[in-house]
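Hello,

Here is the structure I promised to pass on to you. Please have a look at it, and then read on for what turned up.

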Amino acid sequence: GESLTEGLNLSGTWTDREWLGVIMEVQKTALYNIHKSLGAKFVPFAGYEMPIQYKDGIVKEHISTRTFAGFFDVSHMGQFFLEGDGTLTDALEKIIPADLRSLKINHSKYSFLLNNDGGIIDDLIVTKTKKGFCIILNAACKENDIKQISQFLGKNHKYLLNNELSLIALQGPKSVEILEKLIPGVSNLKFMTGNNFNYEDDNLYITRSGYTGEDGFEISISNKKVEKLINFLISNEVKPIGLGARDTLRLEAGLCLYGHDLNEKINPIEANLKWAIAKKRKDIGGFNGWDKIKNLLTNGSEKIRVGIKPDGKIIARENTKIFSANDNEIGLVTSGTFGPSVNAPVAMGYIKSNFAKVGTSIKLEVRGKKYEGKISELPFYKKSYVK
């Protein structure tokens with residue numbers, strides 16, 4: 001195929017009634033029956049019934065991904081396609097602080113959708129296509145994201161949230177070897193690049209990216225062909241991985257989860273993600289919240305996201321209060337769990353910036369008792385991307 005959107009009828013005519021149906025109906029992905037057959041335990045997540053774990057359990061799924069390969073059904077996320085002339089880039093750059101104009105075709109960037117105050121409406125992956133862009137939206141944010149983006153689009157811009165496509169993540173050190181057997185050429189991709197490939201006389205789009213810290217791929221594929229792809233992966237001993245292990249993997253890799261580590265009241269500087277604002281955009285601005293972000297880039301922010309290592313085996317979960325060594329409250333944990341690959345508890349949170357130096361001693365209040373901990377470097381687990 002020539003583009004991600006080949007054969008798609010792009011239009012931006014979502015009605016309130018259609019959106020209401022999307023919100024209220026508990027949805028299932030095209031792989032729901034496969035998940036059931038694999039012994040998945042389901043939970044409601046962002047309006048979908050999603051597998052949180054399978055028979056092996058979260059820790060074994062986590063280790064399988066780190067040592068071999070695992071597949072994730074992330075079809076609940078939004079695959080949002082936009083097409084238009086050069087003014088489409090101008091429109092998107094008003095709300096996304098990436099350098100979209102310099103982005104090459106089939107290259108991707110991690111970025112944000114920003115509100116007027118510079119707060120993060122969503123974090124997302126933007127890929128340049130031959131006809132425009134594809135943006136991967138977080139599942140719980142899809143409706144609001146599209147409403148926000150559409151306000152900036154012109155009459156010549158077309159858009160579509162394509163629900164006819166599944167999205168499968170294949171992650172782990174054996175991912176490239178396994179996928180290359182089925183789809184020759186994927187091994188040529190570098191981190192955050194993609195391309196169109198032929199599979200079963202159908203066009204699919206693959207990027208070398210993911211959310212685990214491992215080498216791997218995200219595969220956009222027709223709902224009609226996805227089961228065959230999954231059967232191939234299973235036949236090559238790739239394990240199914242649920243939301244539970246997805247969370248432990250991403251936290252070890254120091255990656256944020258929207259709605260926990262990021263929200264509309266947090267800006268990219270506080271989130272310690274200023275690297276994701278393009279240098280050119282830092283210099284010239286022109287996006288939502290630029291005045292505030294420019295000030296924070298110059299003067300620093302009062303709080304910042306940090307890595308945290310609790311001492312011993314205590315787990316500091318979300319909303320755990322953080323105190324200084326002399327018992328002053330200085331912050332809050334936003335994500336916390338046990339990291340199977342580092343064999344220790346890990347956490348992230350926001351603290352007052354003057355306490356953010358790596359190695360600083362802190363205290364964590366868990367069930368009414370304070371435990372020792374330290375500010376840690378991120379990530380906890382070394383990333384293995386192929387660049």
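Let me begin with a pair of helices. Helix H3 (residues 58–67) packs against helix H8 (residues 243–252) at an angle of about 55 degrees, and their axes lie 8 Å apart. That angle makes H3 oblique to H8, and H3 passes H8 in a right-handed crossing. On the H3 side the contact is made by Ile58, Glu61, His62, Thr65 and Arg66, which meet Gly244, Ala245, Thr248, Leu249 and Glu252 of H8. Sorted by class, the residues of this contact are three nonpolar, four polar and three charged. Do keep in mind as you read that this is a predicted model.

There is another helix pair to show you. Helix H6 (residues 175–182) and helix H7 (residues 226–235) pack with their axes 11 Å apart, at an angle of about 125 degrees. The limits for oblique explain the label here: angles over 145 degrees count as roughly antiparallel and 65 to 115 as roughly perpendicular, so H6 and H7 are oblique to each other. H6 passes H7 in a right-handed crossing. Which residues of H6 and H7 meet? From H6 they are Ile178, Lys181 and Leu182, and from H7 they are Leu229, Phe232 and Leu233. The contact of H6 with H7 has five nonpolar residues, one charged residue and no polar ones.

Now to a sheet. Five strands form an open sheet in the order E5-E6-E7-E4-E8, with antiparallel pairing. Its edge strands are E5 and strand E8 (158–161), each of which pairs on one side only. On average, neighbouring strands in this sheet are turned by 25 degrees against each other, direction ignored. Within the sheet, strand E6 (residues 120–128) and strand E7 (residues 132–137) pair in the antiparallel sense over four bridges. Ile125 stands opposite Ile136 in E7.

One residue of E5 may interest you too. Ser111 is found in strand E5 (residues 108–114). Is Ser111 buried or exposed? Its relative accessible area is 0%, and because buried means under 20%, Ser111 counts as buried. Leaving aside residues up to four places away in sequence, Ser111 touches Ile96, Pro97, Ala98, Asp122, Asp123, Leu124 and Ala276.

- Leu378 and Pro379 are joined by a cis peptide bond, with omega at about 0 degrees. Pro379 sits in the segment after strand E19 (369–376).
- Asn319 is not a glycine, although its phi is positive at about 75 degrees. Asn319 lies in the loop between strand E14 (303–310) and strand E15 (321–324). With a relative accessible area of 52%, Asn319 is exposed.
- Arg367 is another residue other than glycine with a positive phi, near 50 degrees. Arg367 is found in the loop between strand E18 (361–366) and E19. The relative accessible area of Arg367 is 76%, so Arg367 is exposed as well.

Happy browsing, and do write back with any questions.

Best wishes

Notes. Residues are numbered from 1 along each chain as its sequence is written. This is a predicted model: local features need pLDDT of at least 70, side-chain atom pairs count only at pLDDT 80 or more; totals for chains, interfaces and linings use all residues. Side-chain values use heavy atoms; hydrogens and water are left out. Axes are lines fitted to C-alpha atoms, for helices over the stretch in contact, and angles run from 0 to 180 degrees between N-to-C directions. Helices (H or I, at least four residues) and strands (E, at least two) are DSSP runs, numbered from the N terminus. Angles under 35 degrees count as roughly parallel, over 145 as roughly antiparallel, 65 to 115 as roughly perpendicular and the rest as oblique. A crossing is left-handed if the near helix is turned anticlockwise from the far one by less than a right angle, and right-handed if clockwise. Contact means heavy atoms within 4.5 Å. Ala, Val, Leu, Ile, Met, Phe, Trp, Tyr, Cys and Pro count as nonpolar, Asp, Glu, Lys and Arg as charged, and the others, Gly among them, as polar. Buried means under 20% relative accessible area, exposed over 50%, partly exposed in between (1.4 Å probe, protein chains only). Two strands pair if DSSP finds at least two bridges between them.
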